[in-house]
2 protein chains.
Amino acid sequence: MTQTVVLATRNQHKVEELRRILSAVDLDVELVGIDAFPDLPEVAETGSSFAANALLKARDVAQRTSLTAIADDSGLSVDALNGMPGIFSARWAGRHGDDQANLELLLAQMVDVPDGRRSAAFHCAAAVVTAGGDERVVEGVLEGQIIREPRGRNGFGYDPIFTPHGYALTTAELRPEEKDAISHRGQAFRALVPVVAELITDR
Amino acid sequence: MTQTVVLATRNQHKVEELRRILSAVDLDVELVGIDAFPDLPEVAETGSSFAANALLKARDVAQRTSLTAIADDSGLSVDALNGMPGIFSARWAGRHGDDQANLELLLAQMVDVPDGRRSAAFHCAAAVVTAGGDERVVEGVLEGQIIREPRGRNGFGYDPIFTPHGYALTTAELRPEEKDAISHRGQAFRALVPVVAELITDR
């Protein structure tokens, strides 16, 4: 029987990215975005790690909808900033989700950081919580460098200023399917597929 | 013989704070600010620690002026931000020295960080470098908490949002002499006095 699984995000970029990844897999689920539940309140992301925040969101949506819920929390960890923006990536410039302001702020903060010390990594924690309360978290990491000027129009967030190790292009210059193949979120969600399959089968 | 010592900062708040501290000590030096040398170029703060940046600045000014130079690098390390803003404190909002923008950004980034996880510390590294190339660095730390709304008109930087441990007032609500007595910069500069005295006597 087809099961409905809720993607606990209002970020349409993420919904599309996750749907592309999950649609490539033979899993008898219907994915719906959180927009299908307009009355759900925002969950405060009070966790101190990507995994904690992903679990907070998935747990809340699973309880409120009585459906299996998937949530991710992801961000960019810059070594010269001791791992920040990290869990604060989406609101780095103070207002949630202003990608342009966030990446411009990061470049301005790092203006004196020399090329040899600009290493960074995208991290993604993906959590799945069933209506019955089973919980799992998996993680994905994409390592690379922060460049000095934005390049590329694909992707979102910090993609225009990040080049993965071994790539001259930014993740905003890669085609979506190229990015999915290596991205932190792609890795985390591919790792989540067998976990979701197992949890759904167990029911 | 009175020796001239250069304070390597263009921040007038710091010059006043350091002069108050050093003037209380019996040391036969004439302190001059960096404004006495209008042609000195800015030193890029490319170090990865407060101590490294303080040394970079003091070394550069000592070499260019052939005088003993003192420099400090200081900032606020917030535990929930893995020690950031840290060495980026003065340009946290992207433009150097915009205190109001910096503290508003920090409050916005921390809006979901609960009261029990808002610990922070002001750090100061103070370096002295003689014209002959002798170098010393000392450090001072003031631990406390980040509050949620700015309070107080004294001080500068992040003072209006920081309460030292054991204090209900922010460092911007303390009188300047109260702040000097406990501050990171006060500690570092008091520790520097005997070091400067020794280096000057050795000449």
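In the predicted model, the contact between the two chains draws 23 residues from chain B and 23 residues from chain A. The size of an interface is often given as the accessible area lost when the parts come together. For chain B and chain A, the buried area is about 1800 Å², and carbon and sulfur atoms contribute 56% of this area.

Polar and charged interactions also occur across the interface. Two salt bridges are found between chain B and chain A. One of the pairs joined by a salt bridge is B:D112 and A:R91, with the closest N and O atoms 3.0 Å apart. Eight residue pairs are in polar contact between chain B and chain A, counted with both residues at pLDDT 80 or more. On the side of chain B that touches chain A, the residues comprise twelve nonpolar, seven polar and four charged.

The largest cavity, with a volume of about 60 Å³, is lined by residues of both chains: A:D112, A:V113 and A:R117 from chain A, together with B:E45, B:T46, B:G47, B:N53, B:I87, B:F88 and B:R91 from chain B. By class, this lining consists of three nonpolar, three polar and four charged residues. A:D112 and B:R91 are among the residues that line the largest cavity, while B:D112 and A:R91 form a salt bridge.

The second largest cavity has a volume of about 40 Å³. Its lining is made up of B:V5, B:L22, B:L27, B:V29, B:L31, B:I70 and B:V196. These lining residues divide into seven nonpolar, no polar and no charged. The lining of the largest cavity, by comparison, includes four charged residues.

Notes. Residues numbered from 1 in each chain as written. Chains lettered and ligands numbered in written order. Predicted model: local features only at pLDDT ≥ 70, side-chain atom pairs only at ≥ 80, totals over all residues. Heavy atoms only, no water. Contact = heavy atoms within 4.5 Å. Buried area = accessible area lost by both parts, 1.4 Å probe. Salt bridge = Lys/Arg side-chain N within 4 Å of Asp/Glu carboxyl O. Polar contact = N/O pair within 3.5 Å; in protein donor to acceptor, adjacent residues only side chain to side chain. Nonpolar A, V, L, I, M, F, W, Y, C, P; charged D, E, K, R; others polar. 1 Å grid on protein atoms, 1.4 Å probe; cavity = no way out; pocket = protein on both sides within 12 Å on 5 of 7 lines; lining within 4 Å. Points joined across faces, edges and corners; volume = space filled by probe spheres on them.
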